[in-house]
Amino acid sequence: MTPYRGVFTDFNTILADKARRLGDKVYIESVDQGKRITFDQLNRVTNRLAHFLRARGIKANDRVSVLAENSIEALIIFFGVQRYGATLNAINLEIREKNVRQILQDVRPKLALWSRDLPSDPRPLGEGGAAPWIAFGAWDAERPSKDDLFALLAEFPDSPVPGIAVRKDGLCFVNYTSGTTDRPKGVLVTHDAYFCQSESTVDRLEITEADTILDYRHFSWSSPQIASIGPSIQAGATLVFARRFSQSHFFDWIKNHRVTVAIGIPTAINMLLSRPVPITKAELPHLRFMTSSTAPLPLEKHREFEARYGIPIVQLMGSTESGFMAGNHPARRKHGSVGPPMRHVNTRILDESGNECPPGQEGEVVVSGRQVSLGNLLDANTVQEFPKEGLRMGDLAYRDPDGYIFVTGRKKDIIIKGGVNIAAMEITNVLLQYPTLAEAATIGVPDEIYGEAVVSFVAPRAGQTVTEESLQAQCRTKLAEFKLPKAIVVLESIPKNANGKVAKDELLKLWQDHAGLRGGRT
């Protein structure tokens, strides 16, 4: 448990406390930048950012967008906006351009900050918005350009901003998910919800000042925010931060930085199994365990990884809306389970009538409590609040007599590829823009590396012919690389059930037959 013991404590107070007690201790090791920042340095530069925001007229709950890759600078902004009490909207530019435009239109930030290290200038994506755009380079550059954010911050004191009072019900983040429809929605996370989401992780995984946590997922994702970034600052742990997963560097990072907790996702675990590295836990004496979340990890993969590397895997289950709903304790794991409910969330298994399911009976996961987010941002001025009595997550599961949750499936029509949610409808809609197609459908199929892969099925109009190559070319002009179908199967017609709905089970069988004929593997 953190020193805060469930009592809401804002990040302004937390940062000041860590700087006072752990000033010279390294907080962030940025492996790609080859740089580090201490708790004291982070405290001082985020104080400057808070002064800067006040001088720009930014108020509590005003939205600040940041477009950057993982870096020390990105996390300076991440914490600085929080400590001031404004609302952070972090954007990953690897998603489709149209979605970035939509996010900026919906959020309508009062200020947009962007990294000079991005491969292209993102300012055209915000055309039509009123927010000023400010670029930033290295936070410790000796001679930054006059208009650089960190040059502007140098004009402000590094002492605390007087009068900051971050409200627990104020908005901390607008986090965007991939969504289950063509149009992703922003999730509004309060300061209290984020405090609880982070503290639940610290509590369950027993994170302390002695820990060093490795993560490599984009900071705009909810999962790194609640698995490594928030917990590390609350506990006073060190965060080893990379821009993306690297199979060739992963174990070197763990060894060289004495990592004690390595964040894992099923895709990374599958990659390490498909191309094994000659190393075992005996050569990584500081490593306590790896985590696995963002998507289901098949039991056989879990056991195979532990048998090969001797590294324990601790499974958790979470969402952008709720934080981690459940998680295993490192010393009390159950293979195949995502663990019992976390400290600050009420995770129930309910039947269709809303009754609590007894142990062993499958139902839908429903969450409520302090760490559940406020609701969805539908557009700049429309908020769809989540029901206080409980948010239905669309995941199917059962609970064993000890309270451990076992996920059996999901209701949501999404494909989870490498931990990223992909809306099947988006892929289908892109295909249906092809004029010679009559029908299209998209499903997720099992994949050894990514957990699931995208496969589409199409039926041409009468008298028309299409090829997979031409359809893939169509998709490449409309979709991000990670959303592209693994295969597009041409059929005479899309199978349907008695109600006229797409028969997904039949499509899966068709794919298995198709992959077998081609010598592929599902």
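Student: Which residues do ring pairs link into a cluster?

Tutor: This is a predicted model. In the model, ring pairs link Phe11, Tyr27, Phe39, Phe78, Phe79, Phe173 and Tyr194 into a cluster.

Student: Why is the pair of Phe11 and Phe79 called tilted?

Tutor: Stacked needs planes under 30 degrees apart, and edge-to-face needs over 60. The whole structure has 19 aromatic pairs by this rule. For Phe11 and Phe79, the ring centres are 5.8 Å apart and the planes stand at 35 degrees, so the pair is tilted.

Student: What makes this pair a tie between parts of the chain?

Tutor: Phe11 belongs to helix α1 and Phe79 to helix α3, so the pair ties together parts 68 residues apart in sequence.

Student: Are Phe11 and Phe79 buried or exposed, and how do you know?

Tutor: Buried means under 20% relative accessible area. Phe11 has 5%, so Phe11 counts as buried. Phe79 has 0%, so Phe79 is buried.

Student: Why is the pair of Phe78 and Tyr194 called edge-to-face?

Tutor: The planes must be over 60 degrees apart. The planes of Phe78 and Tyr194 are at 80 degrees, with centres 6.4 Å apart, so the pair is edge-to-face. Phe78 is in helix α3 and Tyr194 in helix α6, 116 residues apart. Both residues, Phe78 and Tyr194, are buried.

Student: Where does the charged end of Lys417 sit?

Tutor: The distance cut-off is within 6 Å of the ring centre. The charged end of Lys417 is 5.2 Å from the centre of the Tyr450 ring, and sits over that ring. Lys334 lies over the face of Tyr404, 4.7 Å from the ring centre.

Technical notes:
Residues are numbered from 1 along each chain as its sequence is written. This is a predicted model: local features need pLDDT of at least 70, side-chain atom pairs count only at pLDDT 80 or more; totals for chains, interfaces and linings use all residues. Side-chain values use heavy atoms; hydrogens and water are left out. Rings of Phe, Tyr and Trp (its six-membered ring) pair if their centres lie within 6.5 Å; planes under 30 degrees apart count as stacked, over 60 as edge-to-face and the rest as tilted. Helices (H or I, at least four residues) and strands (E, at least two) are DSSP runs, numbered from the N terminus. Buried means under 20% relative accessible area, exposed over 50%, partly exposed in between (1.4 Å probe, protein chains only). A charge sits over a ring if NZ of Lys or CZ of Arg is within 6 Å of the ring centre and within 35 degrees of the ring normal.
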